[in-house]
Amino acid sequence: MIKKYTDHLLLMSLALGLWSCEPNVDTFVPSHGSADFTKFIAIGDSYTAGYTDGALGRRGQEESFSYILGKQLMYAGSESFNQPLVKSEASVGTTVLAENQNNGYFELKVVDGAFKPVPVLGDMGIFTESVYSANNQNFGVPGAKVTHLALEAPYPPYSTLNPFFKRFASTPEATVMGDALAAHPTFVSLWIGNNDVLGYALAGGEDDEITDVALFAGLIDQYAGAIAAGGAKAVMGNIPAIESIPYFNTVAYNVLPLDADKAAQLNAGYTKYNEGVDLYNSQVPENMQLPYISFQEGANALIIEDEDYPINGMRQIKTDEKLVLTLPSDKIANEGWGTMVPVPAEYVLDEEELEDIDVATKAYNTAIKATCEKYGFAMVDLNKKMEELSTTGLIIDGHRYTSQFVTGGVFSLDGIHATGRGSAIIANAFIDAINAKFNASVPRANINDYNTVEFP
């Protein structure tokens, strides 16, 4: 009996000793700090709207970074986050598949023995939905540029030009900023400017224009001033470089595979071209001389259109130039694109176009940083975050995330917009910036709660 009692005391002592060695973990207490999250409003483009896998639908809306951010802000005082949700179970994008028929979400399919994103048919009725609500808190509009937000109604009104905005605009003459400010926000996320370079980049520099830097800076300051004048605080995101986006980094410049015989045939076919190079080079200084077109067994650089090139308006692509994701691989395999038929310029970003994009992006980010400093807003360095994803990658909760197309976990099947997990990573970057600037304690989202690319 005495031994049992002694053993019992020994076990109790051991338990108390172990309990006393437990780490002292502070309980996380959410706080709004110096910000007021009562009425959170999100303003921006397709990322804010929840565009993913090439289309807008309820699935993407419920996994947008703005929705995830809105949910997390509820822990620190936000009362709601209402969105103009798509009524349909389907989705719709802007790629025309046939007359009066656009795409829906892209899905990963096995095509000719390889995985390939394939669009489903979109629900065109989504464009005719009327989902205006005075309680709306998400003013993300796919395709919107900084000029499209407007404080004063332009002509023609933006809702007549963009069916995604028409769905939830208060009136045909409404502006995005006007409706957003009419919601009386206490806190705002503003992430705009991606399309001001992307529209140009997506078209290979052959369509659209890069927004003038001075115009961009003036409008960003104007919008921020209007937000601050209403008494709200804000967080703004800057613009990622296109080099970190898989749409511009998936198709390699040397995507043309050749055997020795085919390489020899092509070299023979370009004999006269190279004679033209010799003649041109004999008449210009050394720093202006042109390279031959040449092929070899293995991977080869494609032949591309270049209307400014002095010999036949075509040349071989350079190692630092880019091909877009939508370059048709069947045209290369079956129709001679990149060999005797130059790849059309709309699928290529050359050195000059890339330089123009880079200069504008850096200037936009300088303007965004200056605006945040002027009005006391938080700034999210999404350019740096995307650069990390495209170089070292990020290890989060035991998973490695990169900007790799399909397999990286961050970018959806359109190569531009985020998956659910990508949106959560972006939302957490916003939360980190908010907490740092406003001494708040908004809890970060759990990345693993959200979806990534679904394999068949």
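## Notebook: Arg 315 and other sites

**Entry 1: Arg 315.** I began with Arg 315, which is buried at a relative accessible area of 5%. I use buried for under 20% relative accessible area, exposed for over 50%, and partly exposed for values in between, with a 1.4 Å probe and protein chains only. The model is a predicted one: local features need pLDDT of at least 70, side-chain atom pairs count only at pLDDT 80 or more, and totals for chains, interfaces and linings use all residues. Residues are numbered from 1 along each chain as its sequence is written, and side-chain values use heavy atoms, with hydrogens and water left out.

I located Arg 315 in strand 13 (residues 314-316). Strands (E, at least two residues) and helices (H or I, at least four) are DSSP runs numbered from the N terminus. Which residues does Arg 315 touch, not counting those up to four places away in sequence? I noted Tyr 273, Ile 293, Leu 302, Ile 303, Ile 304, Asp 306, Tyr 309, Glu 321 and Asp 350. A contact here means heavy atoms within 4.5 Å.

The side chains of Arg 315 and Glu 321 are joined by a polar contact of 2.9 Å. That term covers a pair of N or O atoms within 3.5 Å; within protein, one must be able to donate a hydrogen and the other to accept it, and residues adjacent in sequence count only if both atoms are side-chain atoms.

**Entry 2: salt bridges.** I then looked up the charged pairs, of which the structure holds 13 as salt bridges. The criterion is a side-chain nitrogen of Lys or Arg within 4 Å of a carboxyl oxygen of Asp or Glu. Side chains of opposite charge can pair when their charged atoms come close.

Lys 109 is partly exposed at 37% relative accessibility, and Glu 107 is partly exposed at 35%.

For Asp 432 and Arg 444, the closest N and O atoms of the salt bridge lie 3.0 Å apart. This pair links distant parts of the chain, as Asp 432 is in helix 16 and Arg 444 is in the segment after helix 16, 12 residues apart. I recorded Asp 432 as partly exposed, at 34%, and Arg 444 as partly exposed, at 47%. Elsewhere, salt bridges with shared partners join Asp 306, Arg 315 and Glu 321 into one network.

**Entry 3: Ser 412.** I found Ser 412 in the loop between strand 18 (399-401) and helix 16. Ser 412 is buried, with 0% relative accessible area. Where does the side chain of Ser 412 reach? I traced it to the backbone nitrogen of Asp 53, at 2.9 Å. Leaving aside neighbours within four places in sequence, Ser 412 is in contact with Thr 52, Asp 53, Phe 405, His 417, Ala 418 and Thr 419.

**Entry 4: a surface patch.** Val 110, Phe 115 and Phe 455 form a nonpolar surface patch with about 310 Å² of accessible area together. Patches are made of residues with over 30% relative accessible area and no salt bridge; nonpolar side chains (Val, Leu, Ile, Met, Phe, Trp, Tyr) are joined within 5 Å and like charges within 9 Å. Areas come from the Shrake-Rupley method with a 1.4 Å probe, and for residues only the protein chains shown count as cover. Phe 115 sits in strand 6 (residues 114-121) and is partly exposed at 48%.

**Entry 5: the whole chain.** I closed with totals. The protein chain has 16 helices and 18 strands, and 50% of its 456 residues are buried. Its C-alpha trace spans about 100 × 70 × 45 Å along the principal axes. Of contacts between residues at least 6 apart in sequence, 71% join residues at least 24 apart. The protein chain exposes about 22,000 Å², with 52% supplied by carbon and sulfur atoms.

The average pLDDT (the predictor's confidence in each residue, from 0 to 100) is 93, and 94% of the residues score at least 70. Over residues 1-25 the pLDDT is below 50, and this stretch has zero contacts in the model beyond near neighbours in sequence. Where pLDDT is low, the predicted coordinates should not be read in detail.
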